Each structure stands twice: as structure tokens, then as C-alpha cells.
Amino acid sequence: MKAAVWHGIKDLRVEEVNEPKVASNQIKVKVEWAGICGSDLHAYLHGLSMNAHPITGEKPPFALGHEFSGTIVEVGEGITRHQIGERVAIEPLIYCGDCYACKRGFYNQCSQVGFVGLNRNGGFAEYAIVDENMVHVLPDNVSFEEGALVEPTAVSFYAVRESKLKAGDSVAIFGAGPIGLLTLLSAKAAGATQIIVVDLSEERLKKAKELGATTIIEGNRDDIVDTILNLTNGGVSVAYECAGVQPTMTNAVASVKQGGQVMAIAVFTKPVSIDMGQVMFKAANVTSTLAYRHVFPEVIDMISTGRLDVTKVITKNIELTDIVEEGFNQLTNDVKQAKILVRP
Ligand SMILES: [Zn+2]
Ligand SMILES: [Zn+2]
């Protein structure tokens, strides 16, 4: 079968590999659509750990891809809850089941947490092998494209559910990449009224407006915080940090009202500093979430019932053979792109 295999920095090859076999308690999925994520892009541009993952025991080269949907084509011995022909979305978290966090059900915070597609072969391939607990069945009215968006939506949706947002609140979202846009949709679905989106790119802001942002602000302006404070009578209830850099974190802290909250969703690759005086004066709360847990069924229901129109974040559909040029290189160079889906 064909797979897009990561061999090293900027070395992703679409190549012929052996079709994987199911072991007991595993499921083989024919991949329908797989989304390219910022973390795939990070692996492509900056590398992956070359050490064997403590749970999977596997190390690169891997087929990347952890946001995918597919059809079950084979089930291993011991699989009782799923069968051939089911249409599914994959929850790609790998966890030990035995550590402090896992024992409390916080499997996203497993001390050895990993991802299908980053710590073992993933969804940029014709077939993928997954564990039974990773499989979530899609209702007939949820398309495979929507199925591939369940994973990134879960990141944003979980952060919104964990935040202090209540219906009627105002929010600010810093960063309008895929996670920022999905946060926008989730906050809107959760009842946010004013939704202010800040980004450097005019094109991304246009997309945010299309998706329901009530105000868009260009990220290079020096009156971002004043504008937000004026629009919201002293600050937003929740600022979602979806960019992961110092200027956006600083603005997020400055934009929340007394008792407000900064929820960091983006991955920060460098430490940032926070004005604790400001946090204390406002008795604000600065917090974060990592991935998601126990929300795939809810995300699928939200899509199925029309409350989250996630297809709006798709900017391009491509074939697996074009993944390097049309996918990874395009995402690196073209800020207009939000979510690119790949069909193996
Ligand atoms: Zn991702
Ligand atoms: Zn664990």
C-alpha cells in the first residue's frame, strides 16, 4: 500500500510499504480522509523523537497523520464491540492505562502519552491499525470529511468545555489557524455572544468573520487590548490563546476582565512570561488543556446535530501522492490554508 512516511527533517516520502496486519485486540481501518495538523508540520520541519516510544516500543520512520476517518475492514481476535463495515473516526491517543493520571481517567495526561501518527504508524496511508478504544462510530449523516475533523475539533471543544465560558459571555481568540477557528465554532456553539478574533493574516481573519467572529482585529495593531476592553466594557470573560507566542499571551492576559480566564490551547515551543501583577489585580485565572479526553462522542453529536459546521475550516482536499507539495509545503508557505485533507 501507499503511505507518506517520515524519514527525517523535510524528508517525507510517499512510498510503497507492506500492508499492516491486525494483531489480537486491534482493528484495521481503510483510511478515507486524513487532516494535516500543525504537529505533523512541526515533525516535518523540525523533526520527531528518534527514541522508541515507551508504550509502543516503536520508533521512526512512521507514516504521519493522527486526524483521520475510515472504514473498518478487519478486526482482530478479541474485538467484540466493533465490526467490519463500520464508519469510524479515530481518537489517536496512546496511553499506558496504569499511571497516576490514567488510573483517574485523565488519559490525555498519561505520563507516557503518545499519538498514532507521531509515535506509531498513522493515517497518511491506505490502511492503519488502531486499538479498540480509539474507534468511534460515525452516524450516517456525518461524512468521512467531518470524521477526519473530529480530532482537531475535540482539542478546541474540550478547551471550551473546560473553560469558564457561560452562555452570553464575550470571548477573544488569539490566532485564527485551524485550532483558533474550531475554538471560534465551539465558543459560538457554547453560547458566546461577542467573539473577537485576532490574527496577523487578513485572509485568516476573513475566514474567522465567515465562521461567525463578531469583530476581527489585525494582530499588528498597537491598540488591540484597548479595542477589546472598549468593545466588552472592561474585558472578555475568556481569552483563548491559540497562537502560542509571547505577544498573544501578553494580550490575552491584558484582555480578560476582573475574574476572567486565559485558556491556553496552542503548543508553546518557548517559555513566555506572564504579568502576575495583572493576573492578581484581576484575580484572573490562567490555565491550559492538553489534547482532550472523553469528548469524541460529544463532538460527533455536535456535528451530527448541525451545531458545529466543521467543514468550513477545510481549505483544500488533495491526494496522498501530492501530500508533500500540495500539503506540507503549501501549509508552510501559504497562510490562507487552514485544514488540508488528504485522501489515500
Ligand atoms: Zn493534531
Ligand atoms: Zn498512563
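Reply: Happy to! Please keep in mind that this is a predicted model. The second largest pocket has a volume of about 320 Å³. Its lining is made up of 19 residues. Lying nearest the centre of the pocket are Met 1, Pro 20, Glu 58, Asn 121 and Ile 129.

As for secondary structure, strand 1 (2-8) and strand 9 (127-131) each contribute at least two residues to the lining. Strand 9 gives the most, with 3 residues. If you sort the lining of this pocket by class, you find 11 nonpolar, 5 polar and 3 charged residues.

Now to the helix pair. Two packed helices are described by the angle between their axes and by the distance between those axes. Here, the axes of helix 4 (residues 150-162) and helix 5 (residues 178-189) come within 8 Å and cross at roughly 50 degrees. Because of that angle, helix 4 is oblique to helix 5. The crossing of helix 4 and helix 5 is right-handed.

On the helix 4 side, the contact is made by Pro 152, Thr 153, Val 155, Ser 156, Phe 157 and Val 160. Helix 5 meets them with Ile 179, Leu 182, Thr 183, Ser 186 and Ala 187. By class, the contact of helix 4 with helix 5 has 7 nonpolar and 4 polar residues, with no charged residues.

Terms used. Residues numbered from 1 in each chain as written. Chains lettered and ligands numbered in written order. Predicted model: local features only at pLDDT ≥ 70, side-chain atom pairs only at ≥ 80, totals over all residues. Heavy atoms only, no water. 1 Å grid on protein atoms, 1.4 Å probe; cavity = no way out; pocket = protein on both sides within 12 Å on 5 of 7 lines; lining within 4 Å. Points joined across faces, edges and corners; volume = space filled by probe spheres on them. Helix = DSSP H or I, 4+ residues; strand = E, 2+ residues; numbered from the N terminus. Nonpolar A, V, L, I, M, F, W, Y, C, P; charged D, E, K, R; others polar. Axes fitted to C-alpha atoms, helices over the stretch in contact; angles between N-to-C directions. Parallel < 35°, antiparallel > 145°, perpendicular 65-115°, else oblique. Left-handed = near helix turned anticlockwise from the far one by under 90°. Contact = heavy atoms within 4.5 Å.
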